[in-house]
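Student: Hi! I'm new to this one and would like a friendly walk through it. Can we look at it together?

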Amino acid sequence: MTTSVEGSLEPTPENSAEAGGAATPRLSLDTAAARQLATTTKTPPQMQAISSRWLLKVLPWVQVSGGTFRVNRRLSHTVGNGRVEFYSTGAEISVIPAELTELPGLAGFDDQPTLQALAEACAQRDFVPGEVLVRAGDPADRVVLIAHGKLSRRGRGAYDNETEFDVLADGDFFAAEALTEAEPGTFEHGLTALTSGTVLTLARADVERIAAGSEALAAHLAAARTRIPGQRNANGESEIALASGHVGEPALPGTFVDYELTPREYELSVAQTVLRVHSRVADLYNEPMNQVEEQLRLTIEALRERQEHELVNNREFGLLHNADPRQRLHTRTGPPTPDDLDDLLATVWKEPSVLLAHPRAIAAFGRECNARGVYPTPAEFAGHSVPAWRGVPLLPCDKIPISPTGTSSVLALRTGAERQGVVGLHRTGIPDEYQPSLSVRFMGISEQAIISYLVSAYYSVAVLVPDALGVLQDVEIGH
């Protein structure tokens with residue numbers, strides 16, 4: 001995983017190689033620009049893109065000596081509760097194979113290889129508010145498993161007007177009868193997204209294909225088709241023995257817990273650039289400011305900005321894509337209210353460390369507090385007085401994106417390996433190390449007398465347990 005950063009920090013004019021020759025871009029700092037640091041009283045070069053980078057400051061950094069960090073967890077899911085549960089690996093979501101038995105047509109089916117094949121046949125689909133995922137009247141050719149988000153089940157009511165029958169959310173499923181009905185027909189109701197989220201779809205054609213190679217599945221589905229509807233509940237659950245105030249040793253419902261067979265592994269990512277400085281600039285214009293050091297300083301600032309951006313937004317390991325679906329919340333009305341932040345803190349209630357939000361989202365939260373006559377007490381954090389909610393610092397992070405429709409996200413983190421929280425990953429002690437996990441390697445001098453340095457930063461971030469990270473999504477920041 002490599003992230004490239006432009007090697008030049010500012011545009012430079014094109015220069016003719018020779019009189020009458022074709023114009024070619026410069027490869028290093030021009031002497032005219034270098035003189036700006038060599039005359040009069042001046043400041044070091046300024047860079048507007050430098051931010052506070054609070055995320056890099058609050059993350060405890062773990063040494064990754066082998067280049068890969070493995071997170072071992074216990075696998076925990078509940079069978080028999082009528083809801084489907086999922087794995088989450090970055091932005092990729094997959095259904096736990098055993099959880100497919102929550103579907104009425106697969107209730108009681110225990111052939112693990114076949115369940116695994118069915119789980120692998122599920123296709124992920126992300127959606128946005130207002131998107132129609134299923135239209136009433138379309139062929140009922142798939143089952144929809146809702147991993148995260150809210151969907152409205154709508155159709156024609158008693159008076160031919162469109163009616164919302166209910167709202168489906170995390171763990172619910174839609175059109176499970178498509179697996180077992182001999183002639184599934186068409187969807188009676190449609191699904192419209194109320195929030196953003198993710199669903200997995202299991203096509204009837206894939207089920208039939210897998211059943212053709214599995215006698216056990218074919219027999220189970222055939223039996224389900226002949227079963228009297230009254231002998232099963234709406235979720236197709238088999239009878240579960242409940243015990244309360246019992247005497248003796250009845251069978252009790254339980255939770256299946258095991259280690260994950262394929263634990264998540266994080267490889268260190270890298271951001272790199274090649275810094276070029278002409279030798280005559282380094283020789284003649286190095287006073288009173290060292291040209292190489294100033295170029296290097298600004299290059300490193302750009303790399304660190306990119307590093308924080310990747311820790312938030314990278315699809316493989318970034319925090320916005322690695323929050324568990326059960327840890328994603330939506331605002332009640334749109335803007336971030338005190339109630340919404342209370343709900344967000346509840347997702348990381350075991351010692352929440354910090355809240356991170358775009359500065360405009362923090363401003364929107366401030367407006368909501370003002371409208372309610374609530375005035376949160378600031379907190380002292382790392383020598384600064386910062387906004388806070390319930391005593392948890394609310395820190396700005398401009399790397400959290402704002403959508404074209406004016407919505408953003410708020411992150412809640414519990415940090416530290418000892419608290420099973422969120423940790424940064426890096427590797428110190430690398431060759432030519434200039435800063436922790438950042439190296440500056442001399443690459444030589446070209447025939448054009450240009451000195452080159454390879455600047456590399458290695459990093460990643462890991463969420464040790466799902467409840468260490470919560471995300472409040474679709475936060476409206478407009479007035």
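This is a predicted model: local features need pLDDT of at least 70, side-chain atom pairs count only at pLDDT 80 or more; totals for chains, interfaces and linings use all residues.

Student: Let's start with a strand pair. Which residue stands opposite Ala412 in β26?

Tutor: Leu355 stands opposite Ala412 in β26. Residues are numbered from 1 along each chain as its sequence is written, and side-chain values use heavy atoms, with hydrogens and water left out.

Student: How many bridges join β21 and β26, and in which sense do they pair?

Tutor: Strand β21 (residues 354-357) pairs with β26 in the antiparallel sense, over four bridges. Strands here are DSSP runs of E with at least two residues, helices are runs of H or I with at least four, and both are numbered from the N terminus. Two strands count as paired if DSSP finds at least two bridges between them.

Student: And what does β26 do with β31?

Tutor: β26 and strand β31 (residues 469-476) also pair in the antiparallel sense, over six bridges. In β31, Val471 is the bridge partner of Leu411, and Glu476 stands opposite Thr407.

Student: What is the strand order in the sheet?

Tutor: The order is β20-β31-β26-β21-β25-β24, an open sheet of six strands with mixed pairing. At the edges are β20 (328-330) and β24 (388-389), each of which pairs on one side only.

Student: Is β26 mostly covered or uncovered?

Tutor: Mostly covered: seven of the seven residues in β26 (residues 407-413) are buried, where buried means under 20% relative accessible area, exposed means over 50%, and partly exposed lies in between (1.4 Å probe, protein chains only). Both faces are covered, with Thr407, Ser409, Leu411 and Leu413 buried on one side and Ser408, Val410 and Ala412 buried on the other.

Student: New topic: holes. How many cavities of 30 Å³ or more does a search find?

Tutor: The search of the whole structure finds one, and about 30 Å³ of space lies in the largest cavity. A cavity is a set of points on a 1 Å grid over the protein atoms alone where a 1.4 Å probe fits but cannot get out, and lining residues have an atom within 4 Å of a point. Grid points are joined across faces, edges and corners, and the volume is the space filled by probe spheres set on the points.

Student: Which residues line the largest cavity?

Tutor: Pro336, Leu341, Ala357, Ala361, Ile362, Phe365, Leu394 and Val410 line it. Helix α10 (residues 359-372) gives the most to that lining, with three residues.

Student: How many of the lining residues are nonpolar, polar and charged?

Tutor: Eight are nonpolar, none are polar and none are charged. Nonpolar covers Ala, Val, Leu, Ile, Met, Phe, Trp, Tyr, Cys and Pro, charged covers Asp, Glu, Lys and Arg, and the others, Gly among them, count as polar.

Student: OK, rings next. How many aromatic pairs are there?

Tutor: The count comes to five aromatic pairs. Rings of Phe, Tyr and Trp (its six-membered ring) pair if their centres lie within 6.5 Å; planes under 30 degrees apart are stacked, over 60 edge-to-face and the rest tilted. One of the pairs is Trp54 with Phe381, which is tilted at 5.7 Å centre to centre and 55° between the planes. This pair links distant parts of the chain, with Trp54 in helix α2 (residues 54-58) and Phe381 in strand β22 (residues 379-381), 327 residues apart.

Student: Are those two buried or exposed?

Tutor: Trp54 counts as buried at 7% relative accessibility, whereas Phe381 is partly exposed, with a relative accessible area of 22%.

Student: What about Phe317 and Tyr459?

Tutor: Their ring centres are 6.4 Å apart and their planes at 70°, so that pair is edge-to-face. Phe317 lies in the loop between α7 (291-313) and α8 (319-322) and Tyr459 in strand β30 (residues 450-463), so the pair ties together parts 142 residues apart in sequence. Both Phe317 and Tyr459 are buried.

Student: Last one: which charged end sits over the ring of Trp54?

Tutor: That of Lys57, 4.9 Å from the ring centre. The rule asks for NZ of Lys or CZ of Arg within 6 Å of the ring centre and within 35 degrees of the ring normal. Arg264 likewise lies over the face of Tyr266, at 4.2 Å from the ring centre.

Terms used: On a 1 Å grid over the protein atoms alone, a cavity is a set of points where a 1.4 Å probe fits but cannot get out, and a pocket is an open set with protein on both sides within 12 Å along at least five of seven lines; lining residues have an atom within 4 Å of a point.
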